[in-house]
Amino acid sequence: MMIFSMIKGVHPDDIEKMTDELLQSVGLLQVKNARVMNFSGGMKRRLSVAISSIGDPRIMFLDEPTTGMDPVSRRDVWNLIQKLKRNKIIILTTHAMEEADVLADRLAVVSDGKVKCVGTPLYLKNTFGDGYRVSLVCEPGDE
């Protein structure tokens, strides 16, 4: 993270404090000095989100940032993204509708390479949603 901070022009006096804050926000402060090659896939994804936010960029692109994460880590990353999205644009791709609902101000649904609809999560639910469907499988006679 220090190398990325230098590349992105962070003042040398601010690098350690900023690195610690970002690592803390994605739950990786305790492994600050560990080698990334020993990280799990979820830890690497959390580190990627932290690295992408170095230097307070105005636009961020995140591709499936929480895929494969445990629920606690996913929530930590969601909280960081919520905090980061103030005064910037974050374009995020995801297959997880829960993630899109939590993080997005506007959603675009893409199918077969074409945008099918765009709007707020509430608008899309009200316009295209038809509630919840529950399927139960029972043994004959136990219906």
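Visitor: Which residues does Val109 touch, if residues up to four places away in sequence are not counted?
Guide: In this predicted model, Val109 touches Lys114, Val115, Lys116, Cys117 and Leu124, where contact means heavy atoms within 4.5 Å. The numbering starts from 1 along each chain as its sequence is written, and side-chain values use heavy atoms, with hydrogens and water left out. As the model is predicted, local features need pLDDT of at least 70 and side-chain atom pairs count only at pLDDT 80 or more, whereas totals for chains, interfaces and linings use all residues.

Visitor: Why is Val109 called partly exposed?
Guide: Val109, which lies in strand E3, has a relative accessible area of 33%. Buried means under 20%, exposed means over 50%, and partly exposed is what falls in between, using a 1.4 Å probe and protein chains only, so Val109 at 33% is partly exposed. The elements named here are DSSP runs numbered from the N terminus, with helices (H or I) of at least four residues and strands (E) of at least two.

Visitor: How many disulfides are there, and how do you know?
Guide: The count comes to zero, because a disulfide is a pair of cysteine sulfur atoms within 2.5 Å and the rule gives none here. Cys117, with a relative accessible area of 15%, is buried, whereas Cys138, at 42%, is partly exposed.

Visitor: What makes Ser73 buried?
Guide: Ser73, found in helix H4, has a relative accessibility of 7% and therefore counts as buried.

Visitor: Why is Asn87 called exposed, and what is its phi?
Guide: Asn87, in the loop between H4 and E2, has a relative accessibility of 81% and so counts as exposed. Its phi is positive, about 65°, although Asn87 is not a glycine. Asp112, in the loop between E3 and strand E4 (114-119), also has a positive phi, near 55°, and is a residue other than glycine; its relative accessible area of 75% makes Asp112 exposed.

Visitor: What makes the set around Ile54 a nonpolar core?
Guide: A nonpolar core is a set of buried Ala, Val, Leu, Ile, Met, Phe, Trp, Tyr and Cys residues joined through side-chain atoms within 4.5 Å, and the largest one has 24 residues. Those with the most contacts inside this core are Met1, Leu22, Leu47 and Ile54, while the elements that give it two or more residues are H2, H3, strand E1 (59-63) and helix H4 (71-84). Leaving aside residues up to four places away in sequence, Ile54 touches Met1, Phe4, Ser5, Lys8, Val10, Met18 and Leu22.

Visitor: How is the largest pocket defined, and what is its volume?
Guide: On a 1 Å grid over the protein atoms alone, a pocket is an open set of points with protein on both sides within 12 Å along at least five of seven lines, and a lining residue has an atom within 4 Å of a point. The volume, the space filled by probe spheres set on points joined across faces, edges and corners, is about 630 Å³ for the largest pocket. Its lining has 21 residues, of which Leu92, Ala104, Arg106, Leu107 and Ala108 lie nearest the centre. Strand E2 (89-93), helix H5 (97-103) and strand E3 (107-111) are the elements that give two or more residues to this lining, and E2 has the largest share, five residues.

Visitor: Into which classes do the residues of the lining of the largest pocket divide?
Guide: There are 13 nonpolar, three polar and five charged residues, counting Ala, Val, Leu, Ile, Met, Phe, Trp, Tyr, Cys and Pro as nonpolar, Asp, Glu, Lys and Arg as charged, and the others, Gly among them, as polar. The second largest pocket, with a volume of about 300 Å³, is lined by 15 residues, and Met1, Met2, Leu23, Lys32 and Leu47 are the closest to its centre. By class, the lining of the second largest pocket has twelve nonpolar, two polar and one charged residues.

Notes:
On a 1 Å grid over the protein atoms alone, a cavity is a set of points where a 1.4 Å probe fits but cannot get out, and a pocket is an open set with protein on both sides within 12 Å along at least five of seven lines; lining residues have an atom within 4 Å of a point.
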